[in-house]
Structures are given as C-alpha cells and as structure tokens.
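Me: I'd like to learn how to read a protein model step by step. Could you take me through one?

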Amino acid sequence: MSPVQDARRRAEFEQLVAQAYEPLQRFLRRRTDPATADDVLGDVLLVLWRRVDEIPAEAPVAWSYGVARGCLANHVRGSVRQERLVERLKQEPAGGPALGAEHEALDEAMAQLPENDRELLRLWAWEQLAPREIATVLGITPNAASIRLHRAIGKLKELMGRPATGGAARGETERGAGA
C-alpha cells in the first residue's frame, strides 16, 4: 500500500470515527454492561479500520451499527462458550482425567529427565517439530538438535524400562525431518 493510499484510508477512518464513535458507544451500552461495551467498541473500531475500503459512503454510521451488532454477537457467543467450559471443568475430577499406567510411567520418566531434555522431547512429540525446526526454537545447530533428541529419547526409554537401541531412536528422530 502506498503512502498516499495509507493517508487516504487513515483520513476516511478518522472521519468515520468522528461520526460514529459516540453513536456506537451508546448503541453498545444500551445492550450490555459498560465494560463489555468498551471491549466490543474496541473490536468494532478494529473491524472498521480493516474494512475501511468497504464502508458505503451513503450510510457509514448505519453500516457501523451492523459491525457493532456482529461484534457484540461474537462477544456473547464467546462468553457462553467460556461459561460452558468453566462448568465442564468444574465437573472433572481434580488433577484431570484418569490416565493409564503407561501415561503415569511416562510422566514419571519425563520428570526424571533434565529440563532441557524434557523441552526437546515436548517440541518433538507435542509440537511435531523436526530436528531442524527444534534447532531454530532452541538456537542450536540442526546437528546438535538431532544428537540431543536422539540421546533424550534413549534416556526416556531407559527410564521407562525399555531398551534404548540406537537404530530405533535414530529412526524416530527422523520423523518429520522433511517438514
């Protein structure tokens, strides 16, 4: 976008805000509490800025009411989802759902590893990162990431009572290497 287009968009947005800010604020405060109205007004202004090129010249304030109505509906839906999640979490047993014996063994084995190894394994297993991506995250070379990952998998297997074979662990670290 050129500086001229940027200046034009900014001028159109500022003109719209001068016309619509107070009407939108009243519109929202009539429909919800003041704190929510202020939050939603921020969302509305963001949408107006993003869509300033789509605002009809013949009815910019009315169009803005439509945006405000949609933003308020989104906020209400989000609040309902949040309340449902809180209710669902209240009904779950403390400490999360019961896991099998293998999960407990894995948790215990992970707890015995140094933090660097745990983070490496989490990046590999949970985030599905390839060694070269792990290297970027950790600020190390891809070769160092591969070696450390290989060793961490071996330590984890030993802690879980499984033989740490070099070939099997190496094959596992190659997962996603082409990503």
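Me: How many aromatic pairs does a search of the whole structure find?

Reply: First, a word on the source: this is a predicted model, where local features need pLDDT of at least 70, side-chain atom pairs count only at pLDDT 80 or more, and totals for chains, interfaces and linings use all residues. Residues are numbered from 1 along each chain as its sequence is written, and side-chain values use heavy atoms, with hydrogens and water left out. Now the general idea: a pair of aromatic rings is described by the distance of the centres and the angle of the planes. Rings of Phe, Tyr and Trp (its six-membered ring) pair if their centres lie within 6.5 Å; planes under 30 degrees apart count as stacked, over 60 as edge-to-face and the rest as tilted. Here the search finds two pairs.

Me: Why is the pair of Phe13 and Trp49 edge-to-face?

Reply: The planes of these two rings stand at 80°, with the centres 5.3 Å apart, so the pair is edge-to-face. Phe13 sits in helix H1 and Trp49 in helix H2, 36 residues apart, so to speak a link between distant parts of the chain. A helix here is a DSSP run (H or I, at least four residues), a strand is one too (E, at least two), and they're numbered from the N terminus.

Me: Is Phe13 buried or exposed?

Reply: Go by relative accessible area: buried means under 20%, exposed over 50%, partly exposed in between (1.4 Å probe, protein chains only). Phe13 has 17%, so Phe13 is buried. Trp49, at 31%, counts as partly exposed.

Me: And what kind of pair do Phe27 and Tyr65 form?

Reply: A tilted one, with 5.1 Å centre to centre and 40° between the planes. Phe27 lies in helix H1 and Tyr65 in helix H3, so this pair ties together parts that are 38 residues apart in sequence. Phe27 is buried at 10% relative accessibility, while Tyr65 is partly exposed at 28%.

Me: Which residue lies over the face of Phe27?

Reply: To call a charge over a ring, you need NZ of Lys or CZ of Arg within 6 Å of the ring centre and within 35 degrees of the ring normal. For Phe27 that's Arg31, at 3.8 Å from the ring centre. Trp49 has a charge over its face as well: Arg9, 4.9 Å from the ring centre.

Me: Which residues touch the most other members in the largest nonpolar core?

Reply: A nonpolar core is a set of buried Ala, Val, Leu, Ile, Met, Phe, Trp, Tyr and Cys residues joined through side-chain atoms within 4.5 Å. In this one, with 17 residues, the answer is Leu24, Leu28, Val40, Val44, Leu48 and Ala68. Helices H1 (3–29), H2 (34–50) and H3 (60–91) each give two or more residues, and H1 brings the largest share, six. There's also a second, separate core of 15 residues, including Leu113 and Ala145.

Me: What does Ala68 touch?

Reply: Leaving out residues up to four places away in sequence, Ala68 touches Leu24, Phe27, Leu28, Val40 and Val44. Touching, or contact, means heavy atoms within 4.5 Å.

Me: Zooming out, how many helices and strands are there in the chain?

Reply: Eight helices and zero strands. Buried residues make up 26% of the 179 residues. Take contacts between residues at least 6 apart in sequence: 58% of them join residues at least 24 apart.
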